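Dear colleague,

I am passing on the structure below, together with an account of what was found in it. Please have the model open while reading, so that each residue can be looked up along the way.

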Amino acid sequence: MSQPPHLRTVVVLAAGEGKRMKSALPKVLHPLLGRTLVGHVLSAAAPLGADRTVVVVGHGADQVRAHLAEIAPQATPVLQAEQLGTGHAVRIALDAVPEATGTVVVINGDVPLLRPETVGALVEAHEREGAAATVLAAEVPDPTGLGRIVRDADGRLQQIVEQRDATPAQREIREINAGIYAFDAVRLRDALGKLSTDNEQGEEYLTDVFGLLRSAGEPVAVHVAADHVETLGCNDRVELAALRRLLRDRVNEAWMRTGVSLLDPETTWIDVTVALDRDAVVDQNTQLQGATVVGSGAVVGPDVTLVDTVVGQGATVVRSHAVGAEIGPKASVGPYAYLRPAARLAEKAKVGTFVEVKNSEIGAGSKVPHLTYVGDASIGEQSNIGAATVFVNYDGVHKHRTVIGSHARTGADNMFVAPVVVGDGAYTAAGSVIVDDVPAGAMGVARARQRNIEGWVLKRRAGTAAAEAAERARRGEGAVAPGLPASEGEAIHGDAEPVGGAPGAGDTATE
């Protein structure tokens with residue numbers, strides 16, 4: 001885009017209630033692939049390099065103001081307390097910035113598919129031709145409900161007529177007003193002061209400015225958008241869903257043309273704020289949202305949702321959900337894993353099936369393969385966490401951290417009651433509740449010794465299938481499980497070495 005020849009002001013009309021949305025949320029705040037409707041409009045106008053941006057608010061003004069403070073703090077919200085028409089809205093906006101000169105660009109707040117290139121082309125044509133006013137038009141298949149561009153015999157703009165005020169012949173016109181304009185500030189201010197409410201709605205129409213300027217001999221122009229889809233607005237949830245699909249297709253096509261593989265584009269939803277590297281692969285039924293980044297060679301999906309998550313090169317994420325997580329290069333996640341905020345996986349780390357990780361670091365090459373909750377923990381390198389492990393991080397008032405060293409092996413069905421430290425190269429026995437630190441290289445055992453009560457089933461469950469099977473085994477008619485007898489009254493307590501010798505490989509989970 002060439003350097004602006006003079007000052008520019010952008011006015012976004014975002015005061016409407018949007019009754020057909022049937023929502024407590026103002027229409028312009030409804031989300032669409034990573035931005036609100038008004039957010040998309042502001043993004044399209046941003047490359048103009050405007051000296052000031054004014055957003056006219058009305059319905060849900062406080063909500064819209066709060067949103068603008070987050071996404072466009074440089075924008076000035078201006079209240080239109082009474083909805084008296086688009087002309088009235090623009091007049092209020094210009095009253096708030098009396099110093100505005102040069103070009104004034106006016107955009108409806110509900111055209112999220114508008115491209116920056118189209119806005120730029122409109123403004124450049126307007127300024128190049130020295131027009132007093134230029135309207136963006138589009139040729140549409142069905143113009144019902146839209147304002148029509150009425151041209152004279154020479155093809156020049158004669159007037160813009162709203163649907164409700166149009167004659168039957170004018171309603172046949174398929175060239176419509178997109179609700180996007182460029183004006184000369186001085187001539188716009190003068191024309192706004194002459195608007196009347198002599199129409200079916202009893203409102204001040206901004207479009208009447210064109211007729212006033214033309215009658216005064218001022219040059220007015222039409223700039224036609226290359227693609228009418230960009231000019232589509234949104235009045236209800238059905239139209240919002242249609243716009244979402246159109247934007248999805250546009251985003252997906254753009255990524256595929258940069259070298260990203262989308263295996264099923266129709267079930268892949270990528271926010272406009274997401275970044276993907278070349279040779280990333282996105283499988284079906286996948287949603288990538290917010291500030292998510294997917295590295296080169298990574299495979300994401302099927303059935304994955306990532307929100308504000310970074311996926312490193314060559315990593316894989318399958319049937320999982322992650323929010324605010326970091327997945328390192330060549331790491332593996334899923335299926336059916338849940339990474340919560342501040343879950344950080346180093347290179348080649350693994351989080352497997354039905355594992356939840358929150359505010360924890362998992363070191364390079366370490367594995368948490370299955371059925372485990374890891375909360376507020378640090379796990380070193382090349383360690384293995386046994387199945388059905390719980391990191392008990394909450395005492396009812398405060399959160400505490402667990403530290404597992406490098407090259408550690410923890411048993412299945414362990415509980416680590418934080419704060420606790422398991423040293424480098426340490427083991428923990430299956431079924432243990434670890435409440436004290438385990439030194440490096442030690443075996444932590446925290447369970448009672450097993451005792452077998454001989455004949456219990458025959459005495460207490462006589463007549464059952466289990467008793468019959470036990471009796472057959474006693475007679476030598478079936479296999480008997482090995483074990484060491486203990487008398488019924490014997491009591492063995494403490495964390496002494498388990499029966500059968502010291503806990504060994506069988507006490508830790510398989511990888």
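**Salt bridges**

Arg156 and Asp154 are joined through their side chains in a salt bridge, with a distance of 3.0 Å from N to O. Please keep in mind, here and in everything that follows, that this is a predicted model. Both residues of this pair, Arg156 as well as Asp154, are exposed.

A second salt bridge is found between the side chains of Asp152 and Arg214, where the N to O distance is 2.9 Å. This pair connects distant parts of the chain, since Asp152 sits in the loop between β8 (148-151) and β9 (157-161), while Arg214 belongs to helix α6 (residues 208-215), and the two are 62 residues apart. Asp152 has a relative accessible area of 17% and is therefore buried, the limit for that class being under 20%. Arg214, with a relative accessible area of 34%, is partly exposed. Taken together, Asp152, Asp154, Arg156 and Arg214 are linked in a network of salt bridges.

Another salt bridge is formed by Arg401 with Glu361, whose closest N and O atoms are 3.2 Å apart.

Which residues of helix α5 (residues 185-192) are buried? Ala185, Leu188, Ala191 and Leu192 are, and because they cover an arc of only 130° around the axis, they lie on the same side of α5. The buried residues of α5 pack against α3 (86-96), β6 (103-108), β10 (175-184) and α6.

**Aromatic pairs**

The count of aromatic pairs comes to five. In one of them, the rings of Phe183 and Phe210 have their centres 5.6 Å apart, and their planes stand at 50°, so this pair is classed as tilted. Phe183 is part of strand β10 and Phe210 is part of helix α6, which means that the pair ties together parts that are 27 residues apart in sequence. Together with Tyr181, Phe183 and Phe210 form one aromatic cluster.

**A nonpolar patch on the surface**

Turning to the surface, Val390, Met415, Val433 and Val435 form a nonpolar patch there, and their accessible area together is about 280 Å². Of these residues, Val390 is found in strand β31 (residues 390-392), and at 30% relative accessibility Val390 counts as partly exposed.

Note on methods
Residues are numbered from 1 along each chain as its sequence is written. This is a predicted model: local features need pLDDT of at least 70, side-chain atom pairs count only at pLDDT 80 or more; totals for chains, interfaces and linings use all residues. Side-chain values use heavy atoms; hydrogens and water are left out. Patches are made of residues with over 30% relative accessible area and no salt bridge: like charges are joined within 9 Å, nonpolar side chains (Val, Leu, Ile, Met, Phe, Trp, Tyr) within 5 Å. Accessible areas come from the Shrake-Rupley method with a 1.4 Å probe; for residues, only the protein chains shown count as cover. A salt bridge is a side-chain nitrogen of Lys or Arg within 4 Å of a carboxyl oxygen of Asp or Glu. Helices (H or I, at least four residues) and strands (E, at least two) are DSSP runs, numbered from the N terminus. Buried means under 20% relative accessible area, exposed over 50%, partly exposed in between (1.4 Å probe, protein chains only). The arc is that of the directions from the helix axis to the C-beta atoms. Contact means heavy atoms within 4.5 Å. Rings of Phe, Tyr and Trp (its six-membered ring) pair if their centres lie within 6.5 Å; planes under 30 degrees apart count as stacked, over 60 as edge-to-face and the rest as tilted.
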